[in-house]
Amino acid sequence: MSLEKPYANIPGTTIFDADQSRKGYHLNMFAFSLMKAPNRERFKANERAYLDEWPMTEEQKQAVLDRNFNRMIELGGNIYFLAKIFATDGKSFQYAAALMTGMSQEDYLQMMINGGRPEGLKKFGGQNMGEKNG
Amino acid sequence: MARITAGVSSSHVPAIGAALDMGKTQEPYWAKVFAGYEFSKRWIAEQKPDVVFLVYNDHATAFNLDFIPTFAIGCAESFAPADEGWGARPVPTVQGHPELAAHIAQSLIQSDFDLTLVNKMDVDHGLTVPMSLMFGQPKAWPCRVIPFAVNVVQYPPPSGRRCYQLGKALRKAVESFDQNLNVQVWGTGGMSHQIQGPRAGLINKEFDARFLDLLVNDPETLSQIPHIDYVREAGAEGIELVMWLIMRGALSPKVKEVHRFYHIPASNTAVGHLILEDMQQA
């Protein structure tokens, strides 16, 4: 019997569950290592060499080098771990979020000031809050 | 005996901490966020809690993928602000309350909540940002804090129902501690937001408004909402909101809402903040 994954079909969203976690263990632990300043320095000095110290897949390493966060997430990355990578680059969550949506920084900022991504509840469907099922 | 006098809920967006630490509170973008906490700072200066039981989530800071505790209670004497990748926030070290924490841990475990006990950990923005919002920038925090970390990083987090029930057990635990202490329970995180993937930037103000209303007036109903509704409607990271139910469960069924604030945006997130006073005081 496999676990039911009702969250698998939410558009533009990858839920970090146990399967993703297993796939991304080394990728995330690499990112976690960047919490320490000396590791950040070593990574910045030679990214490829630092990545090669970790038993990650080549695809995962390439995604890190490309700063392709959507790809990293697909390959098991979790955003809170990946945050250590963009923090090392001196970038914010907002910067990374804009990047992942494919919007320019300015457009993304303006979208948030205007109230956020407009397609909320309705477009993505789902039950209404507070209505008991069945 | 110790008593729970009030509950506070607040978002814990890291950019709020950065704005404060870098002196940007007067910039129009941020001034709107901080304005929502002016009342709160005056309120808490009058309330003078002895201890804050602070429910938050660790963001891959103290815990990585080697250990993923669902509920972790901080039992240490003190907790240092963490370096999350850009250096530690310039905020005071958090002083714990090991005696009360140990008492709560024992009581909750005996009430069938199998906690992880943590005797050493650093605390990240999830804990320090709400502290800054409520207390400003003092040299030392004016109260003790028991950090209570809830896993919302790896799916599934505990259900809203479980969190709400834990809050109720927490109330019993606090009330059976025989020192006279004024205890507040804070629930942090949220509100609607998504910070990953092509759907990043999702905000759902209808969901948030309904969540706030139900939290105050009908938490039983709110506690029935399944995970899938949070992630679908409030964003992948909106699921942090289950932590607010621990705070609400710890309060009396009827509460007095003394403050509510809601604002879009802070960085990627809808900021929500409530202050609820307990109505069953002697």
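Before you click anything, one working rule: two residues are in contact if their C-beta atoms, placed from the backbone, lie within 7 Å. Helices (H or I, at least four residues) and strands (E, at least two) are DSSP runs, numbered from the N terminus. This is a predicted model, in which local features need pLDDT of at least 70 and side-chain atom pairs count only at pLDDT 80 or more, while totals for chains, interfaces and linings use all residues. For selections, residues are numbered from 1 along each chain as its sequence is written, and chains are lettered from A and ligands numbered from 1 in the order in which they are written.

**Stop 1: chain B as a whole**

Colour chain B by secondary structure and you get 10 helices and 10 strands. Its C-alpha trace spans about 50 × 40 × 40 Å along the principal axes. Chain B has a radius of gyration of 17 Å, which agrees with the value near 19 Å that a compact globule of 282 residues would have. (That radius is taken over C-alpha atoms, and the globule rule is 2.2 Å times the number of residues to the power 0.38.)

How much of chain B counts as buried? The share is 57% of its 282 residues. Here a residue is buried if 20 or more other C-beta atoms lie within 10 Å of its own, exposed if 12 or fewer, and partly exposed in between, again with C-beta atoms placed from the backbone.

**Stop 2: two helices in chain B**

Select residues 14–21 of chain B, helix H1, together with residues 125–135, helix H5. Their axes sit 9 Å apart and the packing angle is about 50°. That makes H1(B) oblique to H5(B). Axes are lines fitted to C-alpha atoms, for helices over the stretch in contact, and angles run from 0 to 180 degrees between N-to-C directions. Angles under 35 degrees count as roughly parallel, over 145 as roughly antiparallel, 65 to 115 as roughly perpendicular and the rest as oblique.

Show side chains next: from H1(B), Pro14(B), Ile16(B), Gly17(B) and Leu20(B) meet His125(B), Thr128(B), Val129(B), Ser132(B) and Leu133(B) of H5(B). By class, that contact has five nonpolar, four polar and no charged residues. The classes put Ala, Val, Leu, Ile, Met, Phe, Trp, Tyr, Cys and Pro under nonpolar, Asp, Glu, Lys and Arg under charged, and the others, Gly among them, under polar.

**Stop 3: where the chains touch**

Now bring in chain A. On the chain B side, 45 residues are in contact with 50 residues of chain A. H1, helix H7 (205–217), helix H8 (219–222), helix H9 (227–233) and strand S9 (255–266) of chain B each supply at least two residues of that side. Which element gives the largest share? H7(B) does, with six residues. Colour the chain B side by class and you'll find 23 nonpolar, 13 polar and nine charged residues.

**Stop 4: chain A**

Chain A comes to 10 helices and zero strands. Of its 134 residues, 39% are buried. Among contacts in chain A with a separation of 6 or more, 59% are between residues 24 or more positions apart.

Pick helix H2 (25–33) and helix H7 (79–88) of chain A, whose axes come within 8 Å and cross at roughly 45°. H2(A) and H7(A) are therefore oblique to each other. Asn28(A), Ala31(A) and Phe32(A) in H2(A) meet Phe81(A), Leu82(A), Lys84(A) and Ile85(A) in H7(A). This contact has five nonpolar, one polar and one charged residues.

**Stop 5**

Most residues other than glycine have a negative phi, and most peptide bonds are trans. Some exceptions are worth a click:

- Tyr155(B) to Pro156(B) is a cis peptide bond, omega near 0°; Pro156(B) lies in the loop between strand S7 (144–150) and helix H6 (160–175).
- Gly190(B) to Met191(B) is cis, with omega near 0°; look for Met191(B) in the loop between strand S8 (182–188) and H7 of chain B.
- Ala60(B) has a positive phi, near 55°, in the loop between strand S2 (51–56) and strand S3 (71–74). With 25 C-beta neighbours inside 10 Å, Ala60(B) counts as buried.
- Asp112(B) has a positive phi of about 80°, in the loop between helix H4 (98–110) and strand S6 (116–118). Asp112(B) is exposed, with 9 other C-beta atoms within 10 Å.
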